[in-house]
Amino acid sequence: MSFDRDKMKEAAASLAEQGVFVGTSSWKYPGWRGQLYEQDRYVWRGKFSESRFQQLCLAEYGEVFKTVCVDAAYYKFPDRHYLQTMADAVPDDFRFGLKVTDEITIKRFSNLPRFGLRAGKPNENFLNADLFSSAFLASCEPFKRKIGVLLFEFSKFYPSDYELGRDFATDLDAFLCKLPQGWPYGVEIRNKHFLQADYFAMLQRHQVAHIFNSWTEMPPVSEQMRLEGSRTNPGLCGVRFLLKPGRGYEQSVKLFEPYNDIKDPNPDARAAGAALIREGVEAGPQRRTFIFVNNRLEGNALQTIAAMLSAASQYDPP
């Protein structure tokens, strides 16, 4: 599936007016030059400038798409200057998906170097509603109008974390009870056995969206969509197409970099994306639907989105 910049711009704008926002996970990919990005914009003294590209490409991204998932917020609490810079780069009708900082969503720190002395230890700030409000939401408040969804991404839990899914649902319920109202919250989990009726019912009570996700150890999005009660907020629906089920992150990076072309089409994911687009259009603008696609699903998120939109009869490239 080819990517036509002008056709995508038209399709993305039309869908956004109908409440369906389609975009990518992050945006700083030099491999998209010649497709989404114009090389000449980032040339300095006769050469492509990586720093210039990193600083300026969001503005060009926002000329075509109406949403993006901001992964960077997951690794540190965003400050107002960072959010202001992003908000200034995009049009007024652009809506960000922000991943909530992992200081709130990690129960026990892994042994990654970035955790330093905290590696392997319990996180004392896990599901700390006060910290979330003061360190995350406070920075977001001036830009609330441009925030489409706040994503609580919970990495895979182990039996030492939660023996049963309902135990996690109980803790999450208590956390959500303490959160300020009026924000578009979504929850994404990585334990397939937690996708039970009590989990969905709890999210529904709080009007928090379950975020469908395609990931290594999760069932395909199409399978998640068929689960009864999985649409937990009538006003908000979200999905992140990250990895093909069964394929790990490192394997995907090695297979797909530099993300300039599709290398392994995923018909099931494309069909699920198209179905959610159609569902969102049918629901109308009173329900906002956010669909985020990662390069590591097929190799090139731009072309994957084009294929999904084409299957949903929303995109007709030449």
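This is a predicted model: local features need pLDDT of at least 70, side-chain atom pairs count only at pLDDT 80 or more; totals for chains, interfaces and linings use all residues.
# Chat about a barrel model

Visitor: Where is Ser313 found, and what is its phi?
Guide: Ser313 belongs to the segment after α12. Its phi is near 60°, which is positive although the residue is not glycine. Helices (H or I, at least four residues) and strands (E, at least two) are DSSP runs numbered from the N terminus.

Visitor: And α12, how many of its residues are buried?
Guide: Nine of the 11 residues of α12 (residues 301-311) are buried, and the helix is mostly covered. Among them are Leu302, Ile305, Met308 and Leu309.

Visitor: What covers the buried residues of α12?
Guide: The cover includes α1 (5-17), β1 (20-25), β9, α10 (267-283), β10 and α11 (295-298). The helix α12 lies across β1, β9 and β10, running at about 155° to β1. Angles go from 0 to 180 degrees between N-to-C directions, and axes are lines fitted to C-alpha atoms, for helices over the stretch in contact. Contact means heavy atoms within 4.5 Å.

Visitor: What do the strands form?
Guide: Eight strands make a closed barrel with parallel pairing, in the order β1-β4-β5-β6-β7-β8-β9-β10. On average, neighbouring strands of this sheet are turned by 25° against each other, direction ignored. Two strands pair if DSSP finds at least two bridges between them.

Visitor: What does β9 pair with?
Guide: Strand β8 (residues 209-214) runs parallel to β9 and is joined to it by four bridges. Within that pairing, Ile211 is opposite Gly238. Six bridges link β9 to β10 (residues 288-293), again in parallel. Leu236 stands opposite Arg288 in β10, and Phe241 has Val293 as its bridge partner there.

Visitor: Why is β9 called largely enclosed?
Guide: Because six of the six residues of β9 (residues 236-241) are buried, the strand is largely enclosed by the rest of the structure. Both faces are covered, with Leu236, Gly238 and Arg240 buried on one side and Cys237, Val239 and Phe241 on the other.

Visitor: Different topic. How many disulfides are there?
Guide: Zero, in a search of the whole structure. The cut-off for a disulfide is a pair of cysteine sulfur atoms within 2.5 Å.

Visitor: How do α6 and α7 pack?
Guide: The axes of α6 (residues 165-177) and α7 (residues 197-206) are 9 Å apart, at an angle of about 5°. So α6 is roughly parallel to α7. The contact involves residues including Phe168, Leu172 and Cys177 of α6 and Tyr199, Met202 and Leu203 of α7. By type, the contact residues are eight nonpolar, one polar and four charged. Angles under 35 degrees count as roughly parallel, over 145 as roughly antiparallel, 65 to 115 as roughly perpendicular and the rest as oblique. Nonpolar covers Ala, Val, Leu, Ile, Met, Phe, Trp, Tyr, Cys and Pro; charged covers Asp, Glu, Lys and Arg; the others, Gly among them, are polar.

Visitor: Which residues does a cis peptide bond join?
Guide: Glu257 and Pro258, with omega about 10°. Pro258 sits in the loop between α9 (249-256) and α10.

Visitor: And Tyr259, where does that lie?
Guide: Tyr259 also lies in the loop between α9 and α10. Its phi is near 65°, a positive value in a residue other than glycine. Tyr259 is buried, at 4% relative accessible area.

Conventions:
Residues are numbered from 1 along each chain as its sequence is written. Side-chain values use heavy atoms; hydrogens and water are left out. Buried means under 20% relative accessible area, exposed over 50%, partly exposed in between (1.4 Å probe, protein chains only).
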